[in-house]
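Try each task yourself before you read the solution.

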Amino acid sequence: MRISRLVTRTLRDDPPEAETASHRLMLRAGLIQQVAAGIYAYLPLAWRSLRKIEQIVREEMDAAGSQELRMPALQPMELWEQSGRAAAFGDNMFSLEDRRGRPLALAPTHEEVVTNIVKGNVQSYRDLPVILYQMQTKFRDEPRPRAGLVRVREFTMKDAYSFDAGDEGLDVSYQAMAQAYRNVFRRCSIPVVMAEADSGAIGGKDSHEFLLPTDTGEDTVITCPSCGYAANAEKAAGVYPDQPVPDPLPLEEVSTPGMKTIASLCEFLGVDEAQTLKAVFYSADGEVVFVTIRGDLEVNEVKLKNALHCNELRLAEDEEVAAAGIVAGSASAIGITKVRRIADSSISNGGNFVVGANKNDTHYRNANYPRDFDADLVTDIALTEPGHRCADCGADLEFTRGVEVGHIFKLGTFFSEALGAYYLDSDGGQQPITMGCYGIGVSRILAAAIEQNHDERGIVFPAPIAPYDVHLVALNMSDEAVAAAATDLYDRLWAAGIEVLFDDRADAAAGVKFNDADLIGLPVRLVVSPRNLRQSAVEVRGRTAEDADMVALDDVVSAVNGLIQPD
RNA sequence: CGGGGUGUAGCGCAGUGGCUAGCGCGCCACGUUCGGGACGUGGAGGUCGGUGGUUCGAAUCCACUCACCCCGACCA
């Protein structure tokens, strides 16, 4: 490709709206162009890179025994009602109607459709296992798109679905996919952490996220430096500091004028936050829920949502709290009976707690569970935070930010039962197919690869996903010898199977061309110039190399091959 | 959805009631240049996000509205 003809314009300065490196560099290098919030056009350079990423994913999925197919992005809403997920996705799903008023969805994912396909093609355990995958555009009406290609509303995903006879088969498929994912990320130069993750509203057993650790990531990964445990913040099972369990003292009312927060209350009474129980109020699918947790801990809303089996969970509004008869600021579960009460297991870690007295400016000392109050459910809903320890080995946990580039789930039989996908086992019994699903954000891989591989001058494309192998710079194209030599080299490289981006611009200064080459960040830069031609040579330089090599014109092809195929 | 911010030429920005709305980059023409973001001369390019209002007069003031960005909520 000749840059003089390339539909892409590099920017001299950083775009002010871009905060993260990948977003900034993709805009500056002319890889992407925004169309609306969270909706981007992939310009020619990005598209070449994305096609290479897709090809790597394909190779690894095929090697793992998976078959590619293509399902529609436009789907009848009926299918989503059938699985019950129309409500689970809610406003995140783009929905529309056809000319006859039939409800349709732009698919955010494809479990429903793929399950129906398999249902029609698998009858016996002899037909299993099956793993299907596709490259498809997904539509999710994210509440807040951000960071360029990191969180968008329309994106390319590779999604795969495994179908097995039973849990042992699923384990095999799951491991095969996990290994394929590791291979993909290694080939794209994205060092990932594989972390335990929450399996979401659908349930299922295991789930793992693949995350690129980076400060600009939007997820939190919790890792144990000692035993290698890794989990995301929603899933992580950390151990919070133990409190001594004292002998219970009698409940005692104290006046606490104006004390509405845990911090002010603790200061006023001279107690530690861990010696209090706090009350938090949520709205779970519209129902007010009373949550009790030790004062030094926070509620993990994902764990709470799972415990409640609800679709929508948010903090309750003040009016909702008041309408439920709760005295915000001085509330406790003591005497509360009209709303559902959930408590974290930490209510039994410690004792003689300070709690609200359910009337203004008043608290109790020495509250103990279950002597003084009851709960409908006591379970682990505490958020793991800095300072907590590894549940496996007791070491201090480490917290880092990360960008999620892949996510795998053991789904179990949720979809096969909802949509009627059964097989006959060897005894002639009908069984629901055991499923797994596996997603890679293809367009997010591009962002993550750039986030990981760049320097102050621009992108440092990993060779396997670079839009072109070589950036050929011709200095002074009006010099006929330069034009002739560069054009000849361009043709010879392509003939040798090397992909070349040729900066043939006649009007751009040398500095402009060099800066653009650094910005776009192809693995190898070649310079043809009057100066070099006097030695019948070309300058060859790797993107991150300190110095350039002078290589004879006739040897350039083999020199380039040596740089881009080091293995 | 809550909080904060921004919409003026392709891009980045200036312009707080007054004449024909400017600057830099980019773009077009010609010439000179040619190894790390060149120079000269001439030129093209604008519903000032939208609607309504106030005013002799609105990019500028008021109301409403739309879009986009950032933080949070949210996010299989």
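**Exercise 1. Into which domains is chain A divided, and how many residues of domain 1 are in contact with domain 3?**

Step 1: Chain A splits into domain 1 (21–236 + 399–450), domain 2 (252–379) and domain 3 (468–564); these bounds come from an automatic or database domain assignment.

Step 2: Bear in mind that this is a predicted model, where local features need pLDDT of at least 70 and side-chain atom pairs count only at pLDDT 80 or more, while totals for chains, interfaces and linings use all residues. Residues are numbered from 1 along each chain as its sequence is written, chains are lettered from A and ligands numbered from 1 in the order in which they are written, and side-chain values use heavy atoms, with hydrogens and water left out.

Step 3: Taken over C-alpha atoms, the centres of domain 1 and domain 3 are 40 Å apart. Six residues of domain 1 touch seven residues of domain 3, where contact means heavy atoms within 4.5 Å.

**Exercise 2. How many helices and strands does chain A have, and what percentage of its residues count as buried?**

Step 1: Chain A holds 15 helices and 33 strands. Helices (H or I, at least four residues) and strands (E, at least two) are DSSP runs, numbered from the N terminus.

Step 2: 51% of the 567 residues of chain A count as buried. The cut-offs, with a 1.4 Å probe and protein chains only, are under 20% relative accessible area for buried, over 50% for exposed, and partly exposed in between.

Step 3: Now for the contacts in chain A with a separation of 6 or more: 71% of them come from residues 24 or more positions apart.

**Exercise 3. At what angle do helices H1 and H11 pack, and which residues meet?**

Step 1: Two packed helices are described by the angle between their axes and the distance between the axes.

Step 2: For H1 (residues 21–28) and H11 (residues 442–452), the angle is about 100 degrees and the axes lie 8 Å apart. Axes are lines fitted to C-alpha atoms, for helices over the stretch in contact, and angles run from 0 to 180 degrees between N-to-C directions.

Step 3: H1 is therefore roughly perpendicular to H11. That label covers 65 to 115 degrees; under 35 is roughly parallel, over 145 roughly antiparallel, and the rest oblique.

Step 4: From H1, Ala-21, Ser-22, Leu-25 and Met-26 meet Leu-446, Ala-447, Ile-450 and Glu-451 of H11. Sorted by class, the contact of H1 with H11 has six nonpolar, one polar and one charged residues. Here Ala, Val, Leu, Ile, Met, Phe, Trp, Tyr, Cys and Pro count as nonpolar, Asp, Glu, Lys and Arg as charged, and the others, Gly among them, as polar.

**Exercise 4. In what order do the strands of the five-strand open sheet run, and which stand at the edges?**

Step 1: The order is S17-S15-S16-S18-S21, with mixed pairing. Two strands pair if DSSP finds at least two bridges between them.

Step 2: S17 (313–315) and S21 (377–379) are the edge strands; each has a single partner strand, so one side of each lacks a neighbour in the sheet.

Step 3: On average, neighbouring strands here are turned by 30 degrees against each other, direction ignored.

Step 4: S15 (residues 277–284) and S16 (residues 287–294) pair in the antiparallel sense over eight bridges. Ala-284 stands opposite Glu-287, and Lys-278 has Ile-293 as its bridge partner. Two residues lie between the strands of this hairpin, where Asp-285 takes a positive phi near 50 degrees.

Step 5: S16 and S18 run parallel, joined by four bridges, with Thr-292 opposite Ala-343 in S18. Seven of the eight residues of S16 are buried.

Step 6: Helix H8 (residues 301–308) packs on the sheet and touches S15, S16, S17, S18 (340–344) and S21.

**Exercise 5. Is Leu-519 buried or exposed, and which residues does it contact?**

Step 1: Find Leu-519 in helix H13 (residues 510–520).

Step 2: Leu-519 is buried, because its relative accessible area is 1%.

Step 3: Leaving aside neighbours within four places in sequence, the contacts of Leu-519 include Thr-10, Leu-11, Leu-25 and Ile-459.
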